[in-house]
Amino acid sequence: MSHLIETSTPVRPKRPFFLRRGPMETIATVLIGLGFLMLFQPFLLVLYTYSLVTLLAGTVMFIIVSKFPE
């Protein structure tokens, strides 16, 4: 009867890198920070031009990734 009481720990499935929350939230946060740095630099117009796209991509990525399982 003791073998019925003992339960093994369930094995969590291995997820690929792009389906895990932790690393992808870090990447999204770096993208948001990079967008802010691009926005506030006064030297290159190209970086300033793409800063909004970078900020939006990081924000949307963070919103989507925050729904992923741990």
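**View 1. Phe36 and Phe40 sit on one helix, H2****.** In this predicted model, the two phenylalanines are four residues apart, about one turn of the helix. Their rings form a stacked aromatic pair, with 6.3 Å from centre to centre and 10° between the planes. If you are looking for others, the structure holds one aromatic pair.

**View 2. Helix H2 meets helix H4****.** Two packed helices are described by the angle between their axes and the distance between the axes. Here the axes of H2 (residues 21-40) and H4 (residues 51-65) come within 8 Å and cross at roughly 160°. An angle over 145 degrees counts as roughly antiparallel, so that is how H2 and H4 run relative to each other. The crossing of H2 past H4 is left-handed.

**View 3. Side by side, the residues where H2 and H4 touch****.** From H2, the contributors include Met24, Ile27, Leu31, Gly35 and Phe36. H4 answers with residues including Leu55, Gly58, Met61, Phe62 and Val65. By class, this contact has 12 nonpolar, six polar and two charged residues.

**View 4. Confidence along the protein chain****.** The mean pLDDT is 84, and 79% of the residues reach 70 or more. Confidence is highest in H4, at 95, and lowest in helix H1 (residues 2-5), at a mean of 60. Where pLDDT is low, the predicted coordinates should not be read in detail.

How values were computed. Residues are numbered from 1 along each chain as its sequence is written. This is a predicted model: local features need pLDDT of at least 70, side-chain atom pairs count only at pLDDT 80 or more; totals for chains, interfaces and linings use all residues. Side-chain values use heavy atoms; hydrogens and water are left out. Axes are lines fitted to C-alpha atoms, for helices over the stretch in contact, and angles run from 0 to 180 degrees between N-to-C directions. Angles under 35 degrees count as roughly parallel, over 145 as roughly antiparallel, 65 to 115 as roughly perpendicular and the rest as oblique. A crossing is left-handed if the near helix is turned anticlockwise from the far one by less than a right angle, and right-handed if clockwise. Contact means heavy atoms within 4.5 Å. Ala, Val, Leu, Ile, Met, Phe, Trp, Tyr, Cys and Pro count as nonpolar, Asp, Glu, Lys and Arg as charged, and the others, Gly among them, as polar. pLDDT is the predictor's confidence in each residue, from 0 to 100. Rings of Phe, Tyr and Trp (its six-membered ring) pair if their centres lie within 6.5 Å; planes under 30 degrees apart count as stacked, over 60 as edge-to-face and the rest as tilted.
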